[in-house]
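Visitor: I'd like to learn how to read charged pairs in a model like this. Can you walk me through it?

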Amino acid sequence: MVIELKNNLITQAEIELLKIDAAFWNDTRDGLNESLELNLKNPEGAKSVVVSWNYQGSNTWWWAIDNIILEEKRDFGNEEPKEWTILVYGNADHNLTDSLLFDMMEMERVGSGKDLNIVVQADFNPKCWDPNDRDASSFLIKYMQYISEETRNSVSRWLIGNDYDLNDETLNSRPIEFIPEINNMDDPDTLTDFINWASEKFPAKRYGLVLWDHGGQWEGFGGDRQNGTKWDFGWTREGYMMSTNGVRKGILNSNINKFDFLSFDTCLMAGVEILADIHDLADVYMACAETVSYTHLRAHETKANLVCRLVLEK
């Protein structure tokens, strides 16, 4: 793949961005089914870009570029506060990895914009891409192989963009930062760190927090399996899930001690007993008292639309 950069008067020489040869193939076999991020190295004054793709070979394999996204590198943290920043704490390092990715694709239907930041911290279970694992997801294996190994195996942070291709199988947004997997999403300190990072990088006049995962009433929410292994980082039953008091601690130790709204996108977190720990942490609280089955992936749209109306009209 080469690019040709142009300004108003001068055509620059072609710049090689990517060459897939024997050395590349032996080094990154699986990388061909993933998204690759390439620096354009554009010279000063360049106003347009022409991307060309040339295949030379004797085999009968299919070679294709699914899509090309041009993104400007932004210095987050130096922008004027927006009206809203919504934080989604996506603890999905277990059997709900595909559900979180579905929800992130739904978030792109609105996307971040002039008055809104949608920021996600996501922890996935890489074993969901393993057809021999009990948590295997046929959808991820068939349609989402482009999710990079780093994204599968780390904790990733995202600014949700827009669904510009209108494809239900494509997450167009890309992670903007990674932190090591050893950061346990069941640890209140990890929640505190996410809130502080989001409020510093994406300041806003108003904030909402969505805690996304399994819910267990007074036992709390979460269940970080640490890349599907649980024991690799000293797992104990006592350290599995974040208690409601842990949620309280994570919020009170952060830069934002009270949110405009707080929501558990989980099962079973609308019981009266939950309010003991969270009643003074938000002006509006949203949760579900019942269990939520896989069918919520479509029914959830109604809830999402309701939440959007509350956010925009409050």
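This is a predicted model: local features need pLDDT of at least 70, side-chain atom pairs count only at pLDDT 80 or more; totals for chains, interfaces and linings use all residues.

Visitor: What forms a salt bridge with Lys258?

Guide: The general idea is to look for a Lys or Arg side-chain nitrogen within 4 Å of a carboxyl oxygen of Asp or Glu. Here that partner is Asp283, with the closest N and O atoms 3.4 Å apart. Asp283 sits in strand S10 and Lys258 in the loop between H6 and S9, so their contact ties together parts that are 25 residues apart in sequence. Asp283 is partly exposed too, at a relative accessible area of 49%.

Visitor: And Arg248, is that one buried or exposed?

Guide: The cut-off for buried is under 20% relative accessible area. Arg248 has 19%, so it counts as buried. Its salt-bridge partner is Asp280, at 2.7 Å between the closest N and O atoms. Since Arg248 belongs to helix H6 (residues 244-252) and Asp280 to the loop between helix H7 (275-278) and strand S10 (282-286), the pair ties together parts 32 residues apart in sequence. Asp280 itself is partly exposed, at 33%.

Visitor: Which residue does Asp260 meet in a salt bridge?

Guide: Arg206, with an N to O distance of 3.4 Å. This one runs from strand S9 (residues 259-265) to strand S8 (residues 204-212), so it ties together parts that are 54 residues apart in sequence. Asp260 is buried, at 15%.

Visitor: How many salt bridges does a search of the whole structure find?

Guide: It finds 8.

Key: Residues are numbered from 1 along each chain as its sequence is written. Side-chain values use heavy atoms; hydrogens and water are left out. Helices (H or I, at least four residues) and strands (E, at least two) are DSSP runs, numbered from the N terminus. Buried means under 20% relative accessible area, exposed over 50%, partly exposed in between (1.4 Å probe, protein chains only).
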